Amino acid sequence: MNRKSFLTLWLCAALPMASFGRPATTPEMPETSDRHPSYTVEAGTPTHGVAKPTAPPPADSVFTRPAVWDLQTCIAYARQHNLQVRNAQINYEAAATDLKTAKAARYPSLNFGSNQGFTNGNTFNETNGRFVSNPQYTGTYSLSADMVIYNGSKLHNTVKQRKIDLETNRLLVDKAENDIEVAVTNAYLEVLYAVESMKTDSAILETSRMQYEEAQAKYEVGSLNLSDLAQLKAQYGGDLYNLTVSQNQVRQSTLALKQLLELDLDDEMSLRFPDVESLRITQEVPSLHTVYYTALETMPEIKAAESEITASVLNEKTAKAGRLPSITLSAAVGTGYYTSADFAFLNQLGNNINENVSLGIRIPIYQRREAKSAVDKAVLQTRRAELELQTAQKNLLATIESLHQDAVAAQERYKAAGLQMEAAQESYNLMREQYQAGLSTLVDMFSEKNNFVSATGEMLKAKYQAVLSLCLLNFYQNQPISF
């Protein structure tokens with residue numbers, strides 16, 4: 001089969017015609033549905049080091065909600081379901097699509113075109129001496145391709161830049177996961193602190209209740225005056241109020257944790273806490289320099305900022321390519337059909353074939369400063385990326401310095417508050433015994449009790465501040481958060 005016959009048969013198969021001797025009529029199109037097309041996505045999220053992204057999973061499809069939540073369970077669930085993390089994953093997938101587009105731009109494009117026309121006019125018939133109608137139908141068909149041969153390595157640099165953008169977005173996914181891990185740890189410890197405070201307030205309330213009931217019995221037998229009974233009742237009411245506040249704080253802290261996990265308000269959440277006494281509160285605080293320089297090597301926000309600089313340098317090269325010549329190769333093949341011709345449809349398609357190949361070169365001479373402005377902006381973007389890296393390093397240092405200072409101060413406060421609490425408890429017990437023996441007043445006993453409650457609260461705050469700071473310092477040393 002020769003080339004013309006092959007092209008003729010290919011065009012016939014590609015273009016359905018109603019008839020060969022007259023204009024084709026347009027077939028009726030089937031009725032289409034106005035519904036959106038449905039599609040399914042496999043469950044799964046992109047993992048580190050995987051170049052091919054996957055769509056974020058629907059809620060509950062990847063990580064089943066556990067019956068009991070500990071810290072590691074909360075962190076793992078938040079990494080899967082938190083909205084900020086899933087949004088970062090979508091940005092990663094968009095960057096993967098941009099990379100595919102940049103790679104495809106290096107290959108030739110292929111397009112098919114067709115133009116169908118119908119004209120009608122009067123022509124003079126010399127046979128009968130009259131004007132008669134002369135409808136004509138024309139159809140042209142073409143297949144064209146073009147490819148960029150050279151454009152100053154713009155396509156090559158764009159692919160490299162998109163690869164860096166993809167890696168940057170992967171690092172931003174890591175950063176989002178790190179951020180949510182820190183936030184969940186903070187919220188989890190807030191709940192743990194609130195629960196322990198509630199237990200302390202409950203124990204204090206139980207003591208107040210026993211004192212009040214004992215005072216009522218003494219008042220009924222006449223061994224206690226009404227004023228002391230009223231003060232003990234007021235103290236019991238105040239402790240009951242404090243317990244109510246603590247219970248509400250537990251609910252509020254739990255709600256904040258549930259929001260980070262993207263749980264609904266009605267979802268039950270049974271938390272499992274570690275043994276409070278086993279928390280490593282007085283462990284050695286790591287060196288500030290060790291933590292910071294380790295974080296510089298491992299934290300994704302620093303690596304992402306460094307990748308932005310590399311991408312900006314490539315963007316400069318891409319902008320400079322606008323000053324260079326570009327070479328484009330184009331090729332096309334076409335044919336046509338005319339009702340006014342004497343040949344049949346297939347014969348015309350074969351006889352009217354035309355081919356062309358062209359090599360085009362474009363040399364920029366004057367572009368109204370567009371190329372120079374693009375280069376200048378690219379250079380400024382590189383400088384901006386360098387400043388953003390310095391800002392990220394500065395923010396990281398500030399965060400680690402603050403955590404280090406908090407850890408050292410919290411440990412010292414915890415030790416001092418522990419001694420203060422022991423002394424306040426002994427003083428309160430002694431004052432209570434003296435009051436029961438009639439050797440001190442009720443006001444003195446309440447004063448010692450308030451000192452004991454205050455010291456207990458300070459010790460709890462210092463303890464959980466130290467735990468949080470130490471956990472995060474270890475985290476910035478690329479260690480998992482654990483108690």
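These are my notebook entries on a predicted model of one protein chain.

**Ground rules**

I number residues from 1 along each chain as its sequence is written, and I leave hydrogens and water out, since side-chain values use heavy atoms. In this predicted model, local features need pLDDT of at least 70 and side-chain atom pairs count only at pLDDT 80 or more, while totals for chains, interfaces and linings use all residues.

**Entry 1: the chain**

I began with the elements. The protein chain has 10 helices and 4 strands. Both are DSSP runs, numbered from the N terminus: helices are H or I with at least four residues, strands are E with at least two. From the N terminus I read the order α-α-α-β-β-α-α-α-α-β-α-β-α-α.

Next I looked up burial. Of the 483 residues, 36% count as buried. Buried means under 20% relative accessible area, exposed means over 50%, and partly exposed is in between (1.4 Å probe, protein chains only).

Then I turned to contacts, meaning heavy atoms within 4.5 Å. Among contacts between residues at least 6 apart in sequence, 78% join residues at least 24 apart.

**Entry 2: helix 2**

How many of the residues of helix 2 are buried? I found 8 of the 11 in residues 71–81, so helix 2 is largely enclosed by the rest of the structure. The buried ones are Leu71, Thr73, Cys74, Ile75, Tyr77, Ala78, Gln80 and His81. They pack against helix 3 (83–104), helix 4 and helix 5.

I stopped at His81, which sits in helix 2. His81 is buried, with a relative accessible area of 5%.

**Entry 3: helices 6 and 7**

Two packed helices are described by the angle between their axes and the distance between the axes. I took helix 6 (residues 288–298) and helix 7 as my pair. Their axes come within 6 Å and cross at roughly 50 degrees. Axes here are lines fitted to C-alpha atoms, for helices over the stretch in contact, and angles run from 0 to 180 degrees between N-to-C directions. Helix 6 and helix 7 are therefore oblique to each other. On this scale, under 35 degrees is roughly parallel, over 145 roughly antiparallel, 65 to 115 roughly perpendicular, and the rest oblique.

Which residues of the two helices meet? From helix 6 I noted Ala295, Leu296, Glu297 and Thr298; from helix 7, Pro300, Ile302 and Lys303. By class, this contact has 4 nonpolar, 1 polar and 2 charged residues. Ala, Val, Leu, Ile, Met, Phe, Trp, Tyr, Cys and Pro count as nonpolar, Asp, Glu, Lys and Arg as charged, and the others, Gly among them, as polar.

**Entry 4: pockets**

A pocket is an open set of points on a 1 Å grid over the protein atoms alone, where a 1.4 Å probe fits, with protein on both sides within 12 Å along at least five of seven lines; lining residues have an atom within 4 Å of a point. Points are joined across faces, edges and corners, and a volume is the space filled by probe spheres set on them.

The largest pocket holds about 330 Å³ of space. It is lined by 17 residues, and Ser197, Asp201, Asn242, Ser246 and Val453 are the closest to its centre. Helix 4 (154–220), helix 5 (226–260) and helix 10 (442–475) each supply at least two lining residues. I counted its lining by class as 6 nonpolar, 9 polar and 2 charged.

The second largest pocket has about 260 Å³. Its lining also numbers 17 residues, with Asn178, Thr298, Met299, Pro300 and Asn478 nearest its centre. Helix 4 gives the largest share of this lining, 6 residues. Helix 7 (300–320) supplies at least two. The classes here are 6 nonpolar, 5 polar and 6 charged.

**Entry 5: single residues**

Is Ser326 buried or exposed? Ser326 lies in strand 3 (residues 326–338) and is buried, at 18% relative accessible area. Leaving aside neighbours within four places in sequence, I found Ser326 in contact with Tyr150, Asn151, Gly360, Ile361 and Arg362.

Phi of Ser153 is near 60 degrees. Ser153 is in the loop between strand 2 (130–150) and helix 4, and is partly exposed at 38%. Phi of Arg369 is near 70 degrees. Arg369 is in the loop between strand 4 (354–362) and helix 9 (370–436), and is partly exposed at 46%.
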